[in-house]
2 protein chains.
Amino acid sequence: MTLLVVGSTAFDTIETPHGNAERCLGGSSTYFSLAARLFTPVRLVSVVGKDFPDEHKTLLAERGVDLAGLEVKPGDTFYWHGRYSADMNNRETIEVQLNTLGDFAPKVPSAFRDSPFVFLANGAPATQASVVEQMDQPRFVVADTMDLWIENERDGLLALLKNIDGVIVNDSEVKQLTGESNLIAAGRAALELGPKLVIVKKGEHGCFVFSNYFHYALPAYPTERVVDPTGAGDSFAGGFMGFLANCDQISLANMQRAVAYGTVTASLTVEGFGVDRLAHADRAAVERRYHELMQFVSGV
Amino acid sequence: MTLLVVGSTAFDTIETPHGNAERCLGGSSTYFSLAARLFTPVRLVSVVGKDFPDEHKTLLAERGVDLAGLEVKPGDTFYWHGRYSADMNNRETIEVQLNTLGDFAPKVPSAFRDSPFVFLANGAPATQASVVEQMDQPRFVVADTMDLWIENERDGLLALLKNIDGVIVNDSEVKQLTGESNLIAAGRAALELGPKLVIVKKGEHGCFVFSNYFHYALPAYPTERVVDPTGAGDSFAGGFMGFLANCDQISLANMQRAVAYGTVTASLTVEGFGVDRLAHADRAAVERRYHELMQFVSGV
């Protein structure tokens, strides 16, 4: 089934211990789409400036991403410049130019409103809520968020959480959101806020999945060569939502498999700069890693 | 089969956000023994001072720990005073008095030398090596170590690693030991140093197990109430070695199960101050948690 994503499109300049990349294609909607398209058709709602080149649109369109919701506005595309620490567990933002993303008010094209699966990439809770309002009874809506919104837009975020099916956060965010310092307690407390599903990402330590019916821990895919962590979270979300959208039903077992597909999809992303590795991945590469990850979890 | 542990015995003063404990029974050999005795008979080699009370000896002896190797020397018992951070992921040492541990030269009683399983708790590599030399062809020897020895006694540690079966380290230690910043690469590199088995502890994130035959990731038991992390690592080692010593054979599958038993044994320890919870645990409590952990790993 089709899957809608609403999020940013960007030019990224990235510095890691393995090298640099200048003004490469980035943004949450981009990573999400290139991950999710490995499993299901994707509809993208985002905004770029007049400087956004056709080659990037072609790259996405050729991979099954419907760009009817990609608004092109006067001005430049959102720009981000970041630098990773030696162990790549931290990054600093060198420069941000919001440009056309600054007043992004997503408009879901009428042909997209019947999308049963919806992913709200990181953004202001009010903006995310405006997307939900534009949809015709979606089956499964999941949102990402970040420390900025937990801190500054708490009421809006709590209202959104009551109205969606799942949330994907990282370990520090779920602690900040719930006020619990223990990660297990925090995950359970987040379920009380409304969503049926809480996925807590822990980077190289994998993720926890909390629902009222099962708790699940999954390690990260055991990659030895992380060259650029940018987009790992959105690729995880894309693999998760893409796999689930392609399933016959949203069962607990399928949600669990989807988390593993999200994990391996993210592992492809971090092995290249920007979207390079992800854009050139195919379903066979994903399946190979899925089986390796299952082996890593099951051991002997 | 019997299991020998060589390590410290201590009085610990512990401060955590949940309260304080003054001069309680501690030390690596104590936590290890109280964990391992849940599975198999334990022989302890350690040193204390004249101030070590009979009640502590009784506590250990009543739980199947053979104290024939507990040397009592003139002077006081090793003393440690530590304070944990608010999230308990860091601790500072307030005071250390080495006392009788300062010149500890472990002497393995002749009746202990046939122990097939041996755990060398954290200590100087030369001291650990001296224990191996005193043993009659042990079947399975595992060592713990720490940053101090990796930094200052590297040659001695590398010599020891060539001569033992397994090593248990934490994530920062395995990176320091191998010079690899990626944890998977570090674990594999550690195997090249000699041991057939490398267990990397990641605290609340569980552990990785590396061997030439399988890699395995296991999350921590999902406890919501950590009151004192002291001794978690030695309890993990005790559960691991204790379970394995009680198996018919040292197969890969048994090593994998042993890692899970180590994990749940450590989860009991951290739910009480000092050895309180661990000393009062029984095998049934361990088995309940083992099944909960397997559920957490397998999900639906």
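The structure is a predicted model, in which 30 residues of chain B are in contact with 30 residues of chain A. Over all chains, the structure holds 24 salt bridges, and the rule finds 2 of them across the interface of chain B and chain A.

**The interface between the chains**

- Chain B and chain A bury about 2500 Å² between them, with 57% of that area on carbon and sulfur atoms.
- On the side of chain B, the residues that lose the most area to chain A are B:Glu224, B:Phe296 and B:Val300, which together make up 24% of what that side buries.
- The rule also finds 10 residue pairs in polar contact across this interface, and the residues on chain B's side of it divide into 15 nonpolar, 8 polar and 7 charged.

- A:Arg188 forms a salt bridge with B:Glu224, and their closest N and O atoms are 2.2 Å apart.
- Both partners are partly exposed, A:Arg188 with a relative accessible area of 29% and B:Glu224 with one of 36%.

**Salt bridges within chain A**

- A:Asp114 pairs with A:Arg43 in a salt bridge whose closest N and O atoms are 2.8 Å apart, and this pair links parts of the chain that are 71 residues apart.
- Of these two, A:Asp114 counts as partly exposed at 49% relative accessibility, whereas A:Arg43 counts as buried at 15%.
- A:Lys107 forms a salt bridge with A:Glu71, the closest N and O atoms being 3.6 Å apart; A:Lys107 lies in the loop between E7 and E8 and A:Glu71 in strand E5 of chain A, so the pair ties together parts 36 residues apart in sequence.

Technical notes:
Residues numbered from 1 in each chain as written. Chains lettered and ligands numbered in written order. Predicted model: local features only at pLDDT ≥ 70, side-chain atom pairs only at ≥ 80, totals over all residues. Heavy atoms only, no water. Contact = heavy atoms within 4.5 Å. Buried area = accessible area lost by both parts, 1.4 Å probe. Salt bridge = Lys/Arg side-chain N within 4 Å of Asp/Glu carboxyl O. Polar contact = N/O pair within 3.5 Å; in protein donor to acceptor, adjacent residues only side chain to side chain. Nonpolar A, V, L, I, M, F, W, Y, C, P; charged D, E, K, R; others polar. Helix = DSSP H or I, 4+ residues; strand = E, 2+ residues; numbered from the N terminus. Buried < 20%, exposed > 50% of the residue type's maximum accessible area, 1.4 Å probe, protein only.
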